[in-house]
Amino acid sequence: MTDSKSDSRIWGDSKKGAKQWQEDSFGFLISKNQKVNILSVFDGHGGYNGLVASNTARDTLKSYFAPKIEECESWNVPTWTKNLQDLFKIIHDKIREQFLSQNGQGIRKSPNGRVKDQNGIVRNSSGDPIHGGTTASICVSLQESDGTYTVIGANTGDSTAVLISEDTSFEFLSEDHGPDNEQEFKRLQSLDDKAYPKKLIFVYDKAKCYKKFECPRVFLPDGKKDPKYVQNPWGHGLHPTNVRYEPAVYAVTPQSVSRDATCIAMTRALGDFYAGQFGLSSTPSILVKRTQKGVRFMMGVASDGVWDCWKYENFSKYICALWKEKKLSVKDMVETALTESVTRAITNFGSGHYDDACLVMCSLP
């Protein structure tokens with residue numbers, strides 16, 4: 001597994017944004033007989049802790065598959081599903097170990113450094129929780145005997161994965177675990193009240209509303225979105241978070257929470273241990289697709305530093321133009337798309353505010 005080399009079918013790269021740390025990590029792996037391709041993107045958050053979390057995720061993925069590089073070619077879908085679920089838990093635990101072993105920005109643990117409490121939350125000696133974590137999106141393509149591919153996507157967070165057909169149509173290989181996801185709202189509400197006496201609240205980010213728990217709720221008690229904000233978001237003080245004009249949303253803790261107060265733009269992630277007590281999940285969603293015989297596809301995974309700059313259908317058309325019309329290699333496609341994404345990000349969000357960007361792609365066949 002690597003994040004710097006590839007064969008002609010697969011490539012990945014990243015570009016640092018305006019933040020202090022490059023918090024995006026990625027990797028890809030090709031099995032011995034080239035029957036299995038694995039693509040991964042990890043978009044960290046929390047400054048240096050985000051860098052630690054995403055790098056740990058990438059390195060753990062590499063170490064997990066290193067001894068299984070031949071064996072994984074024989075895994076069926078149920079085996080892949082179980083192993084990917086296990087891998088997400090392993091990564092989650094490894095991030096905790098790394099947070100415990102450091103005392104901020106690479107300094108090793110001191111005698112009065114970080115501790116793990118009875119709930120598995122990593123805290124400073126003051127008792128304050130360590131903030132930081134990462135998304136995780138892992139996509140696997142399995143070559144079948146008839147030349148088609150079974151494609152499996154596993155993810156937590158919002159690093160979207162797509163399967164693009166040569167006719168420019170596309171399918172998602174990931175779930176968007178954002179606070180505007182109705183299924184995620186229902187998941188939170190269904191959690192046992194004794195185990196989770198205080199749960200995350202899904203809110204819109206409203207202008208001049210500085211206490212996030214006072215921002216308007218995304219969902220009404222019946223689980224439907226408030227039509228007031230759906231029909232006229234900008235007229236009610238909301239603001240878009242990307243070029244698709246999706247309103248900015250957060251998952252936040254109630255007013256009664258102080259020390260462990262949470263404000264996060266996703267409902268599932270790896271790390272962010274202090275938020276688990278309020279319903280943030282590290283369990284991945286798993287999607288399985290099958291490609292059509294005789295049709296070529298491109299599999300891609302990216303961080304929101306890329307996706308915030310595109311409508312999905314336009315990205316699909318752009319990639320197909322690079323692929324079919326300009327006949328670029330996968331490497332050149334990735335580099336061209338990343339450069340275009342960064343250019344768009346600076347134009348839309350400003351040179352002092354654009355995000356890290358990361359993209360990995362693989363052609364099938």
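Which exposed residues does the face of H3 turned away from its buried side carry? In this predicted model, that face of H3 carries Gln183 and Ser190.

## Helix H3

Helix H3 spans residues 182-190, and its buried residues are Glu184, Phe185, Arg187 and Leu188. Viewed down the axis of H3, these buried residues fall within an arc of 160°, so they line one face of the helix. The buried residues of H3 pack against strand E11 (201-204).

## The five-stranded sheet

An open sheet is formed by five strands in the order E1-E17-E16-E9-E10, and their pairing is antiparallel. Strand E1 (10-15) and strand E10 (170-172) stand at the edges with a single partner strand each, so one side of each is left without a neighbour in the sheet. On average, and with direction ignored, neighbouring strands of this sheet are turned by 15° against each other.

Strand E9 (residues 161-165) pairs with E10 in the antiparallel sense over three bridges; Val162 has Phe172 of E10 as its bridge partner.

## Helices on the sheet

Helix H6 (residues 312-325) packs on the sheet, where it touches E9, E10, strand E16 (297-302) and strand E17 (357-364), and the direction of H6 makes about 55° with that of E9. Helix H7 (residues 330-349), in turn, lies across E1, E16 and E17 and runs at about 25° to E1.

Key
Residues numbered from 1 in each chain as written. Predicted model: local features only at pLDDT ≥ 70, side-chain atom pairs only at ≥ 80, totals over all residues. Heavy atoms only, no water. Pairing = 2+ DSSP bridges. Helix = DSSP H or I, 4+ residues; strand = E, 2+ residues; numbered from the N terminus. Axes fitted to C-alpha atoms, helices over the stretch in contact; angles between N-to-C directions. Contact = heavy atoms within 4.5 Å. Buried < 20%, exposed > 50% of the residue type's maximum accessible area, 1.4 Å probe, protein only. Arc of directions from axis to C-beta.
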